[in-house]
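Here is a guided reading of one protein model. Keep the sequence and the coordinates open as you go.

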Amino acid sequence: MREVRVCHLDEGGHLVSAAPADLVGEALEERRPPSEPVAFHGRPGKLSNWWCATTRGHVVCGSLRRRRVAVELDFDPEIAWIGGEPVELHWQGARGRRRWRPDFVVRTVSGGRQVVLVEPEKDGPRWREDLEVTRQVAAAAGWQVSVRRVPEGVRLANLEWAADYRQAVRVPAWEREAIEEAFRCERPIGEGALASGVPYAAALDLVYRLVWQLRLDIHWDQPLMPSASAWLAGGAV
């Protein structure tokens, strides 16, 4: 088992180096990265931070791939808080000193913590070592480890479309109720918007907002267009 140190900012914003077991109960998902973030794995490029509806603030993302995973995390109802790169792991690797920042630390609605890693485009010994060390730290800290694939294709397009409606906006109660009533049975989005009695453009916007809020469900393998179907989600009452 490797000796691993974990660098992070404490509650006062000071950099500290801790043993993994000392992280139990620490709300590291709420901390900033231990130093100014850089582009993904040192590659040229710009940071792609995500304004997060879950936290009402920006989540650090060192690449577009990370940003796409952040969108999916933001959409996940089981996640209560998302932190981008709040810890940096230091250890002695097979080829010298190593340091690495896991992509995200999140807190679930049940109060548990997960280290979320973005699956790399290509597997390799470096990634396998990073994963092994992360799992070692997580086991000592009482965290779970989740490896996520980057969403792509129609699912990604639908997530990004719905996410455009993630910011809180005051909506008249009667409009929301009218849209939900119109979609008690599965039907095309455009048809339900017309039938709701809400002005059509506002009705479409509200449909997409309710998809983001998980009050309406859709077929995620179909493009989120007025011709696509939607229906009232099981938990929306």
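**A walk through the model**

The second largest pocket is lined by Gly-93, Ala-94, Arg-95, Arg-98, Pro-125, Arg-126 and Glu-129. This is a predicted model, in which local features need pLDDT of at least 70, side-chain atom pairs count only at pLDDT 80 or more, and totals for chains, interfaces and linings use all residues. Residues are numbered from 1 along each chain as its sequence is written, and side-chain values use heavy atoms, with hydrogens and water left out.

Stay with that pocket. Its volume is about 200 Å³. On a 1 Å grid over the protein atoms alone, a pocket is an open set of points with protein on both sides within 12 Å along at least five of seven lines; a cavity is a set of points where a 1.4 Å probe fits but cannot get out; lining residues have an atom within 4 Å of a point. Grid points are joined across faces, edges and corners, and a volume is the space filled by probe spheres set on the points. The pocket lining divides into two nonpolar, one polar and four charged residues. Here Ala, Val, Leu, Ile, Met, Phe, Trp, Tyr, Cys and Pro count as nonpolar, Asp, Glu, Lys and Arg as charged, and the others, Gly among them, as polar. Helix H2 (residues 125-141) gives the most to this lining, with three residues.

A search of the whole structure finds one cavity of 30 Å³ or more. The volume of the largest cavity is about 40 Å³. Val-87, Leu-89, Pro-102, Val-105, Val-115, Thr-134, Val-137, Ala-138 and Trp-143 form its lining. By class, that makes eight nonpolar, one polar and no charged residues. Again H2 gives the most, with three residues.

Now step back to the whole chain. The protein has six helices and 13 strands. Both are DSSP runs numbered from the N terminus: helices are H or I with at least four residues, strands are E with at least two. The C-alpha atoms fill a box of roughly 65 × 35 × 30 Å, taken along the principal axes. Of the 237 residues, 51% are buried. Buried means under 20% relative accessible area, exposed over 50%, and partly exposed in between (1.4 Å probe, protein chains only). Among contacts between residues at least 6 apart in sequence, 60% join residues at least 24 apart. A contact means heavy atoms within 4.5 Å.

Take helix H1 next. Nine of the 12 residues are buried, so H1 is largely enclosed by the rest of the structure. Among them are Arg-65, Arg-66, Glu-72 and Asp-74, as well as Val-69, Leu-73 and Phe-75. Ser-63 caps the N-terminal end of H1, with a side-chain oxygen 3.3 Å from the backbone nitrogen of Arg-65.

Another buried arginine sits in a strand. Arg-107 lies in strand E8 (residues 104-108). At 19% relative accessibility, Arg-107 counts as buried. Neighbours within four places in sequence aside, Arg-107 is in contact with Glu-29, Glu-30, Ile-79, Ala-80, Trp-81, Gly-112 and Arg-113.

Move on to helix H6 (residues 200-212), which holds Val-207. Val-207 is buried, with a relative accessible area of 0%. Beyond its neighbours within four places in sequence, Val-207 is in contact with Ile-179, Phe-183, Ile-189 and Leu-216. Gly-190 is 17 residues from Val-207 along the chain, and their C-alpha atoms are separated by 9.4 Å.

Finish with the loops. Leu-214 is in the loop between H6 and strand E12 (216-218). Its phi is near 65°, a positive value in a residue other than glycine. Leu-214 is partly exposed, at 33%. Arg-56, in the loop between strand E3 (50-52) and strand E4 (57-59), also has a positive phi, of about 60°. Arg-56 counts as exposed at 51% relative accessibility. Glu-121 is in the loop between strand E9 (113-118) and H2, and counts as exposed at 61%. Glu-121 and Val-150 are 29 residues apart in sequence and 9.2 Å apart in space, C-alpha to C-alpha.

How values were computed:
Polar contact = N/O pair within 3.5 Å; in protein donor to acceptor, adjacent residues only side chain to side chain.
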